[in-house]
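Good morning, and thank you for coming.

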Amino acid sequence: MSSSKECNLPSTSADSAEAEVFSLSASPAELKAVAKKIRRHIVTMTGAAGSGHPGGSLSAVEIVTTLYFKMMRHKPRDPQWPDRDRFILSKGHAAPLLYATLAECGYLPVSELCTLRQLDSFLQGHTDCTITPGVEMSAGALGQGLSFALGVALAGRLNKQDYRVYALLGDGECDEGQVWEAAMASAHFKADSLVAIVDNNGQQIDGWNRDVMNLEPFPDKWRAFGWRTIEIDGHSIPQLTRAFKQAKKIKGQPTVIIAHTIKGKGVSFMENNPDFHGSAPNEIEVELALKELE
Amino acid sequence: MKPEVSLRETYGKTLLELGMENPDIVVLDADLSRSTMTHFFAQKLPERFFECGIAEQNMISIAAGLASSGKIPFASTFAVFAPGRCFDQIRMSIAQPQLNVKIVATHGGITVGEDGSSHQSIEDLALICSLPGFNVIVPADAIETAQAVEAAVTTHGPFYIRLCRPKSQLVYNEDYRFQLGKAVTLRKGKDATIIAIGLMVKEALETAQNLQSEGIDCRVLNMPTLKPLDQAAIIKATETGAIVTAEEHLEHGGLGSMVARVVTQNRPVPMEMVSLKDSYAKSGKPAELLKRYGLTAKDIEKAVKSAIKRK
């Protein structure tokens, strides 16, 4: 871990056996409350930074909340625990979402979230796995995460470990040819511990996917590449939970969950508003957003 | 006369030997395993070999994922495709997080021959050496190749090893010991220093021998590790008052410009760079190409004389 200014990281346990496995017992009401807290963090931290990507962070809140609080086996006090399930954030611009979630799990102090994007912060603009505990991959250049996740899954198979690997992709990200190279290879290698989740919010920087670069028929493409394909409402925690459980039972092929979402979800004036893809809310907007998220 | 031995066949066989000893070694290839010679490993250890098809970007990021989970991946293809085809993947997935991935690229330089410019890798060293923290090795012969591959296994961090296609006459004896980051003085001399890499090393030795009869006493350095560069050896070479570099690569960003950076910042002396200058080559036999593009012992000779004249 490289040194960071006033880096108040919680102490990590050297002995995996001592660090506790994160409890996944949260009730549906508690999960909803966590999701709301994470949304508040995203708004606050991008607002404080004055830049960042709130839209595509807000759209995937339920996906990431469900994984960390309901599905994944992990130890916040031992981020390198070899048997942990892995979450690979391929759409690295949703870093605020990952940081907020890691903070709520106890990987990072919540108080550090406001240092996002500042010089010497361990919360970089896009994810940097060399300095942020719990971040599996340095990302930000789109299209690489699914290949990386496949490598992690193949290593698990060779090591006879039973961890699962979850990769979160943006729908716009699927313009990248490498995503389809990885899709082909994952099915070829029968990587059934691998689950891709596409945050299908329908928008990318220059506008709607259908206008920028049409992805449809999107689910058919994944099926044609050999993936078990599940479509759900990406803001429904029960649907997400069911889909992840279903994926666990699928043998011999990878699973993709196409999660239909709304960019900027949870804040009325950010929803489906491309202005908030790569721009932070100003002070007044932060205040309005937090009121909506009370 | 020493025998000619294939560097890539040596790579393939060394990789298999090391793989038999070390279960963490895994190998990836992009539909070129018979050319890169990773097929030796694939045949004996198929469960640790990943054929990625013609998809180099995917191969590099898969290798990164394997490395992040404790494996020691060797990813091989032609030098023109890695780093050329997958530079961003190498940058973001390997260099930035300093992952333990070893890229061994074969068919470096113009001696690929008849396949022509699309397959002649003449920019790869500039690209890969630009990445912070990468170890970059260009072995001069098969003996150095085997040891460079071993060093890549025992040294944590990203590696790029560039091998040529043709068999090449041995430069070293079996008792040679490769040291990462160290230049090797192959011949002592006081009038000028030739610093060479890869196939140019034996040309440089021939040059030095030819010039001896004219009363010019050349030092010859092999610089197998381009990164980290042996700055001390370069600074010491300035005592000969003239330096000539020789490489099968463009002038821009290759050995010549790396040596010049050290020389000009420490003790400037006249330099000449024997390289491909600034153009693509054509199809032809390796020897014909080396002659056409000025990469022979004779060309190095001319450069040495010109550098000495400017002392």
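**Domains, chains and a helix pair**

In chain B, the domain assignment gives domain 1 (4-169) and domain 2 (184-309); such bounds come from an automatic or database domain assignment. This is a predicted model, in which local features need pLDDT of at least 70 and side-chain atom pairs count only at pLDDT 80 or more, while totals for chains, interfaces and linings use all residues. Residues are numbered from 1 along each chain as its sequence is written, and chains are lettered from A and ligands numbered from 1 in the order in which they are written.

The centres of domain 1 and domain 2 of chain B, taken over C-alpha atoms, are separated by 25 Å. Their contact takes 28 residues from domain 1 of chain B and 28 residues from domain 2 of chain B; two residues are in contact if their C-beta atoms, placed from the backbone, lie within 7 Å.

I turn to the two chains. Their contact takes 20 residues from chain A and 22 residues from chain B. On the side of chain A that touches chain B, helix H5 (145-158) and helix H6 (177-188) of chain A each supply at least two residues. Helices (H or I, at least four residues) and strands (E, at least two) are DSSP runs, numbered from the N terminus. Which helix gives the most to this side of chain A? H5(A) does, with 10 residues.

Finally, within chain B, the crossing of H8(B) and H12(B) is right-handed, that is, with the near helix turned clockwise from the far one by less than a right angle. The contact involves, among others, Glu203(B) of H8(B) and Ile300(B) of H12(B).
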